[in-house]
Structures are given as structure tokens and as C-alpha cells.
Amino acid sequence: HYFWTTETKVLDLTGRLPETIAYTGGDISSELRDAARDAGKDKSRVNLPIYLMKRSHWWNTKSTGYSAFRGRPSKPLAYWKQPHTFVGDALVTFPDSSPHGSHELTISPPFAFSRTITWVQDSAQYEWDCDSRLFAHRMTLRKKVGGRRFVVARYAQRFSWGSWVVGGVLLVQEEEINAFVAVLTAVVMLQKLQQRGA
């Protein structure tokens, strides 16, 4: 997706990739990343996303995350307002009785020029962070509870200079974080990186 994209499609590739490139822990391999990318080009899959992230115009900072049915937005799952610059806070709200969140999330960088975002949900702190100080094509999501800090999701895309084009594979440990929240916050993080690149 590009900086000015108004619709982001999220595909579920669980169990749809060759077993020979299964994730075995640690960093996402280039083979797994590329297989997911190739599977994402399949028109039958592209037209049947599980989630859609939409905004009315590329300059609009307000977006809605939907569950998708037959490729179309079905039920609103969350609303969020992206800041105008990468240093501001993103605010996420969920509909009443949402299974994805019971309170508003404030997603913010810990300091002005950070390539990290953090938020608290249900008394646990989460943090998306770029794996490299220079590049943004690999990210890790960590959860902090008490004194423990552990990985709950990883993201990888092909390397590109800058952050204008994004789109890759996201692996989520659903026992530790709601899958939709992991997807939504990854999109927030990627949009912040695009804002930073711009």
C-alpha cells in the first residue's frame, strides 16, 4: 500500500502456505515472507479479505476497521484517528460490547522521533518496534506484563528505501494478543512510518 491508499485489505493465509516454509520461531524467513507475498497476489484471495481498513480520502486522518464479508465491509470493528504527523498520538475506539477492546487506546511514540509506538490494553503494555535502527521492513510487537517482556507478533516485508510502500506478512500469537488489535496497530505503525518517510 502507498502513502495515499484509502483501503487496506488484510488476508488470512493461515494454513495456506507450503509446509516446507513453516514458521519455526525467531525472525520471519525471506522464503516465508515471499511465499506470503505471492499468495497475496492470488485474485481469489485478494477479493476475500478478513479485514478492511478504510478512510474516505488519502488526506483524511480518520479510518475505520471492518470485518469483511465477500470482499466488502461488513461490521465496524474499530475507529481510529491518525495524527497529522508521525510524532502525534493515534486514538482508537471500539464499538460497544466489542470482543476486540473494552476501552480507548492511545497509541503513541515514547519520544518525539522514535520509530516505536506503545499503548496499554487491559493492564498490559504493548510496543511495536522496528528491528533495525536504519530500516523499517521488519518489526516486532512485544507485550510487557509485570516484569516479563516477550514477543507476541512479527512483521516483515521486502526491503525498500524509505517507507512509501508497505505490505508484508504479519504473524500473531493469538493467545497473547487479539488478532485484530495486532493487525490494526501494525497498520497504525506502518502509517506512522509512511508519515515519517514523507
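Reader: In the largest nonpolar core, which residues touch the most other members?

Author: A nonpolar core is a set of buried Ala, Val, Leu, Ile, Met, Phe, Trp, Tyr and Cys residues joined through side-chain atoms within 4.5 Å. Buried means under 20% relative accessible area, exposed means over 50%, and partly exposed lies in between, with a 1.4 Å probe and protein chains only. Here the largest core has 37 residues, of which Trp119, Trp128 and Leu141 touch the most other members. Helix α3 (residues 179–197) gives the most to this core, namely 11 residues. Apart from that core lies another, of nine residues, including Ile28 and Val169. Please note that this is a predicted model: local features need pLDDT of at least 70, side-chain atom pairs count only at pLDDT 80 or more, and totals for chains, interfaces and linings use all residues. Residues are numbered from 1 along each chain as its sequence is written, and side-chain values use heavy atoms, with hydrogens and water left out.

Reader: Which residues does Trp119 touch, beyond those up to four places away in sequence?

Author: Contact means heavy atoms within 4.5 Å. Among the residues that Trp119 touches are Leu105, Trp128, Leu141, Ile177 and Val181.

Reader: How many bridges pair β7 with β8?

Author: Strand β7 and strand β8 (residues 124–130) pair in the antiparallel sense over six bridges. One example is Ile117, whose bridge partner in β8 is Trp128. Two residues lie between the strands of this hairpin, where Asp122 takes a positive phi near 50°. Strand β7 is mostly covered, since five of its six residues are buried.

Reader: Is Gln121 buried or exposed?

Author: Gln121, which lies in strand β7 (residues 116–121), counts as buried because its relative accessibility is 6%. A polar contact is a pair of N or O atoms within 3.5 Å; within protein, one must be able to donate a hydrogen and the other to accept it, and residues adjacent in sequence count only if both atoms are side-chain atoms. A polar atom of the Gln121 side chain lies 3.0 Å from the backbone oxygen of His100. Gln121 also touches Phe94, Tyr126 and Val181, among others.

Reader: What is the strand order in the open sheet of six strands?

Author: The order is β1-β2-β3-β4-β5-β6, and the pairing is antiparallel. At the edges stand β1 (7–10) and β6 (105–107), each with a single partner strand, so one side of each is left without a neighbour in the sheet. The twist averages 25° from one strand to the next. Within this sheet's numbering, strand β3 (residues 62–69) and strand β4 (residues 72–81) pair over seven bridges, and Ala68 stands opposite Pro73 in β4.

Reader: How many aromatic pairs does a search of the whole structure find?

Author: Rings of Phe, Tyr and Trp (its six-membered ring) pair if their centres lie within 6.5 Å; planes under 30 degrees apart count as stacked, over 60 as edge-to-face and the rest as tilted. The search finds three aromatic pairs. Tyr51 and Phe180 form an edge-to-face pair, 5.0 Å centre to centre with 65° between the planes. This pair links distant parts of the chain, 129 residues apart: Tyr51 is in strand β2 (residues 51–54) and Phe180 in helix α3. Phe180 counts as buried because its relative accessibility is 0%.

Definitions and conventions:
Helix = DSSP H or I, 4+ residues; strand = E, 2+ residues; numbered from the N terminus. Pairing = 2+ DSSP bridges. Axes fitted to C-alpha atoms, helices over the stretch in contact; angles between N-to-C directions.
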